[in-house]
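Please keep the sequence and the model at hand while reading.

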Amino acid sequence: MIILIAAVAENLALGKNNELLWHLPDDFKRFKQLTTGHYIIMGRKTFESFPKPLPNRTHIIITRQKDYLVPEGCFVVASLAEALAMVPENEDTYVIGGGEIYQLALPEADAIELTKVHASLPADTFFPEVDLKHWKLIASKYHPKDEKHQYDFTFETYLRI
């Protein structure tokens with residue numbers, strides 16, 4: 001399965017200046033739990049927003065830069081099609097951003113793991129508009145804001161109909 005995984009504000013905001021707009025520890029835990037042991041596909045800027053490669057995941061980085069230095073333990077490709085071709089058959093792969101990569105991957109996706117952050121925030125990167133008539137919400141779990149989480153949010157899982 002091809003799964004998009006993202007934390008998205010109500011105005012579809014993802015980030016600003018290559019940084020997340022919030023700190024939600026339970027979202028990080030869920031991201032780690034779902035993606036560990038799998039292939040993750042991302043754009044170069046998303047990869048560069050990490051201090052180092054994420055442990056126990058196979059990184060595929062999409063970039064237009066011909067001379068991009070391949071980080072150790074990662075793969076670099078020029079297109080989403082190349083990235084998807086690298087993933088073994090019957091292996092789940094997670095598309096983790098950014099906005100342009102989500103836009104490219106949405107037509108290919110089988111599922112979406114969304115953390116809907118209940119706020120509208122200024123951003124320069126956005127998640128694509130999802131036409132919900134093609135998707136079925138199969139799980140939803142609300143999480144109120146608390147001392148560790150600045151915003152209310154809801155974990156949502158969608159499958160393509």
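Arg64 is exposed, with a relative accessible area of 68%, where exposed means over 50% relative accessible area, buried means under 20%, and partly exposed lies in between (1.4 Å probe, protein chains only). The model is predicted, so local features need pLDDT of at least 70 and side-chain atom pairs count only at pLDDT 80 or more, while totals for chains, interfaces and linings use all residues. Residues are numbered from 1 along each chain as its sequence is written, and side-chain values use heavy atoms, with hydrogens and water left out.

Which residue forms a salt bridge with Arg64? The partner is Glu100, with the closest N and O atoms 2.3 Å apart; a salt bridge here is a side-chain nitrogen of Lys or Arg within 4 Å of a carboxyl oxygen of Asp or Glu. The pair links distant parts of the chain, since Arg64 sits in the loop between strand 5 (58-62) and strand 6 (74-77), whereas Glu100 belongs to helix 4 (residues 99-105), 36 residues apart. Helices (H or I, at least four residues) and strands (E, at least two) are DSSP runs, numbered from the N terminus. Glu100 is partly exposed, at a relative accessible area of 48%.

## Other salt bridges

Side chains of opposite charge can pair when their charged atoms come close. The whole structure holds 6 salt bridges, one of them between Lys29 and Asp26, whose closest N and O atoms are 3.4 Å apart. Both Lys29 and Asp26 lie in helix 1 (residues 25-35), 3 residues apart, which is about one turn of the helix. Lys29 is exposed, with a relative accessible area of 58%, whereas Asp26 is partly exposed, at 23%.

A salt bridge also joins the side chains of Lys133 and Asp131, at 3.5 Å from N to O. In this pair Lys133 is exposed, with a relative accessible area of 63%, and Asp131 is partly exposed, at 37%.

## A buried arginine

Arg44 lies in helix 2 (residues 44-48) and is buried, with a relative accessible area of 19%. Leaving aside its neighbours within four places in sequence, Arg44 is in contact (heavy atoms within 4.5 Å) with Ile61, Ile62, Thr63, Gln65 and Tyr68.

## Leu159 in its strand

Leu159 is found in strand 11 (residues 153-160), and at 32% relative accessibility this leucine counts as partly exposed.
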